[in-house]
Amino acid sequence: MPSLRGKVQTVLRPVEPDCLGYTLTHEHLTMNYSSFFCPPSPGQEPLSGGPIEMKNLFWIKQNPYSHKENLLLYQETDAVKEELLHFKAAGGGTIVENTTTGIGRDMNTLKKLAEETGVHIIAGAGFYVDSTHYSQTQAMTVEQLTGTIVDEILNGADGTNIKCGVVGEIGCSWPLTQSEHRVLQATAQAQSQLGCPVIIHPGRNSDSPFQIIRILQEAGADAAKTVMSHLDRTIFDTKKLLEFAELGSYLEYDLFGTEFLHYQFHPDIDMPSDNERIARIRMLIDEGYEDRILIAHDVHTKNRLMKYGGHGYSHILKNIVPKMLIRGISQDKIDKILLANPKQWLTFK
Ligand SMILES: CCC(=O)NCCS(=O)(=O)O
């Protein structure tokens with residue numbers, strides 16, 4: 001089996017880890033989220049159709065999953081290209097593109113965007129949450145799922161010869177389904193064969209990240225090469241978060257730019273603001289976890305793009321980094337979060 005040891009695998013080629021630069025570890029550049037459409041509140045149904053306009057932008061920001069067109073990021077490749085160029089001009093170097101099977105991964109578009117912008121793009125192998133698993137996926141054994149993931153990294157994904165460089169985002173629901181459990185075991189086996197980076201989308205319950213790490217470790221995974229995404233909306237209790245940090249995975253705050261009153265996927269959860277995210281990160285640094293923190297925006301709907309009045313892919317570099325400095329997070333620590341930690345995670349072992 002060919003070895004990628006010591007390299008980072010982009011959609012164009014394996015590269016030296018030192019060339020990555022500032023890295024966002026959880027984004028989407030092209031995807032289709034239409035199967036997660038949430039019907040709007042009674043009386044607001046007419047707002048789900050039609051184009052995105054100034055007059056409905058605030059409503060879409062509050063109800064991003066209730067506007068049909070907003071879920072079709074794959075229609076915006078030209079805008080995404082322009083916004084990747086903004087990211088590069090702001091000092092950005094690399095984007096991990098976490099679109100997996102089930103939400104419209106498009107390897108050819110990722111390759112084209114990498115070629116046309118010069119931004120390093122790293123694609124994700126594996127499967128999103130159960131509700132998007134095809135019947136063939138549901139029927140596969142752990143060994144067959146492992147074979148698929150390994151093949152997407154070594155030979156190319158979706159019938160192309162364009163290769164993935166991470167496994168994930170691997171989708172998990174709460175409660176975890178049997179098919180998701182098998183995918184996690186396959187993820188662990190692929191990681192133990194290839195030494196590859198892994199990234200997980202946990203269920204919306206504070207016990208979910210613990211359960212996932214346990215399943216992965218029992219199946220042979222390396223928690224130290226695994227990212228737990230979306231901690232912003234998953235673990236709120238400080239003691240529990242520090243207990244989770246002890247398990248050794250990367251701790252990702254990847255919903256920067258997402259600020260709304262009502263979290264449509266889980267109304268019991270109050271989505272934090274960017275200031276609250278920065279405060280959590282400061283706390284984790286003070287507790288000694290600076291080597292484990294990663295950040296991103298997880299752009300996955302159109303309204304997050306600058307074209308539609310959103311923050312785009314450069315919000316962290318342009319706005320969050322200066323605010324982190326004001327809140328006492330030194331440039332040295334910021335460089336760990338955006339440069340050294342992603343490099344360490346993305347390099348095959
Ligand atoms: C595909 C994009 C995605 O999974 N985003 C996560 C949204 S949330 O679960 O954190 O709300």
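**Close-up views of a predicted model**

A search of the whole structure finds 20 salt bridges, a salt bridge being a side-chain nitrogen of Lys or Arg within 4 Å of a carboxyl oxygen of Asp or Glu. This is a predicted model, in which local features need pLDDT of at least 70 and side-chain atom pairs count only at pLDDT 80 or more, while totals for chains, interfaces and linings use all residues. Residues are numbered from 1 along each chain as its sequence is written, and side-chain values use heavy atoms, with hydrogens and water left out.

**View A. The salt bridge between K7 and E16.** The side chains of K7 and E16 meet at 2.4 Å, N to O. K7 has a relative accessible area of 29% and is partly exposed, and E16, at 44%, is partly exposed as well; here buried means under 20% relative accessible area, exposed over 50%, and partly exposed in between (1.4 Å probe, protein chains only).

**View B. The salt bridge between E69 and K302.** These two side chains meet at 3.1 Å, N to O. The pair links distant parts of the chain, 233 residues apart, with E69 in the loop between helix 1 and helix 2 and K302 in the loop between strand 10 (293–295) and helix 10 (315–326). Helices (H or I, at least four residues) and strands (E, at least two) are DSSP runs, numbered from the N terminus. E69 is partly exposed at 22% relative accessibility, whereas K302 is buried at 1%.

**View C. The salt bridge between D274 and R277 in helix 9.** The side chains of D274 and R277 meet at 2.7 Å, N to O. Both belong to helix 9 (residues 274–286), where being 3 residues apart separates them by about one helical turn. An α-helix has 3.6 residues a turn, so residues three or four places apart point the same way. D274 is buried at 8% relative accessibility, and R277 is buried at 1%.

**View D. The buried side of helix 3.** In helix 3 (residues 107–117), the residues M107, T109, L110, L113, A114 and T117 are buried. They cover an arc of only 165 degrees around the axis, which puts them on the same side of helix 3; the arc is that of the directions from the helix axis to the C-beta atoms. These buried residues pack against helix 2 (77–89), strand 4 (92–97) and strand 5 (120–125), with contact meaning heavy atoms within 4.5 Å. Just after helix 3, G118 takes a positive phi of about 80 degrees.
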